[in-house]
Amino acid sequence: MEGLYSVYMVRCSDGSLYTGYTVDVDRRVAAHNAGTGARYTRSRRPVSLAACASFPTRHEAMRAEALIKRLPREEKLSLAGLYRTDPRRFRDAVSGLIA
């Protein structure tokens, strides 16, 4: 990943989506799956990475996280689908949220 901080979305075993930010996406997803991640994901394991985007600053990643969390489920699913087809367009869409 190009930036130091990342916003990520994981898909939980019940189909819900969880959004967070981290400096190491792989380690954070592993923590969620180990039950040491967020309380929300502990009872919804296993989780799988649905999308992620990197940012140069912690502030930008946290802002993107907060804005994604406020989106309706349908828009979150749309963003996750965009990531599957073109991760760069996902990054651009998330960057557009914080602009």
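The largest nonpolar core in this predicted model has 29 residues. Val7, Met9, Phe55, Phe90 and Val94 are the residues that touch the most other members. In general, nonpolar side chains in soluble globular proteins tend to be buried together.

Take Met9 as an example. What does Met9 touch, leaving out residues up to four places away in sequence? Its contacts include Leu17, Tyr18 and Thr19, then Ser48, Leu49, Ala50 and Ala51. Ile68, Lys76, Ala80 and Phe90 are also touched by Met9.

Phe90 comes up again in the next item, the packing of two helices. H4 and H5 pack with their axes 5 Å apart, at an angle of about 145 degrees. On the H4 side, the contact is made by Leu79, Leu82, Tyr83 and Thr85. H5 brings Pro87, Arg89, Phe90 and Ala93. Sorted by kind, the residues of this contact are 6 nonpolar, 1 polar and 1 charged.

Now helix H3. This helix has 13 residues and spans 19 Å from its first C-alpha to its last, close to the 18 Å expected at 1.5 Å a residue. Which residues of H3 are buried? They are Ala61, Ala64, Glu65, Leu67 and Ile68. The cover over these buried residues includes strands E1, E2 and E3 along with helices H4 and H5.

Glu65 leads on to the charged pairs. How many salt bridges does the structure hold? There are 2.

One joins Glu65 to Lys69, with the closest N and O atoms 3.2 Å apart. Both residues lie in H3, 4 residues apart, which is about one turn of the helix. Glu65 has 12% relative accessibility, so it counts as buried. Lys69, with a relative accessible area of 41%, is partly exposed.

The other salt bridge is between the side chains of Arg44 and Asp14, at 3.1 Å from N to O. Where do these two residues sit? Arg44 is in the loop between helix H2, residues 39-42, and E3, while Asp14 is in the loop between E1 and E2, so the pair ties together parts that are 30 residues apart in sequence. Arg44 counts as partly exposed because its relative accessibility is 22%. Asp14, at 48%, also counts as partly exposed.

Key: Residues numbered from 1 in each chain as written. Predicted model: local features only at pLDDT ≥ 70, side-chain atom pairs only at ≥ 80, totals over all residues. Heavy atoms only, no water. Core = buried A, V, L, I, M, F, W, Y, C linked by side-chain atoms within 4.5 Å. Buried < 20%, exposed > 50% of the residue type's maximum accessible area, 1.4 Å probe, protein only. Contact = heavy atoms within 4.5 Å. Axes fitted to C-alpha atoms, helices over the stretch in contact; angles between N-to-C directions. Nonpolar A, V, L, I, M, F, W, Y, C, P; charged D, E, K, R; others polar. Salt bridge = Lys/Arg side-chain N within 4 Å of Asp/Glu carboxyl O. Expected span 1.5 Å × (residues − 1).
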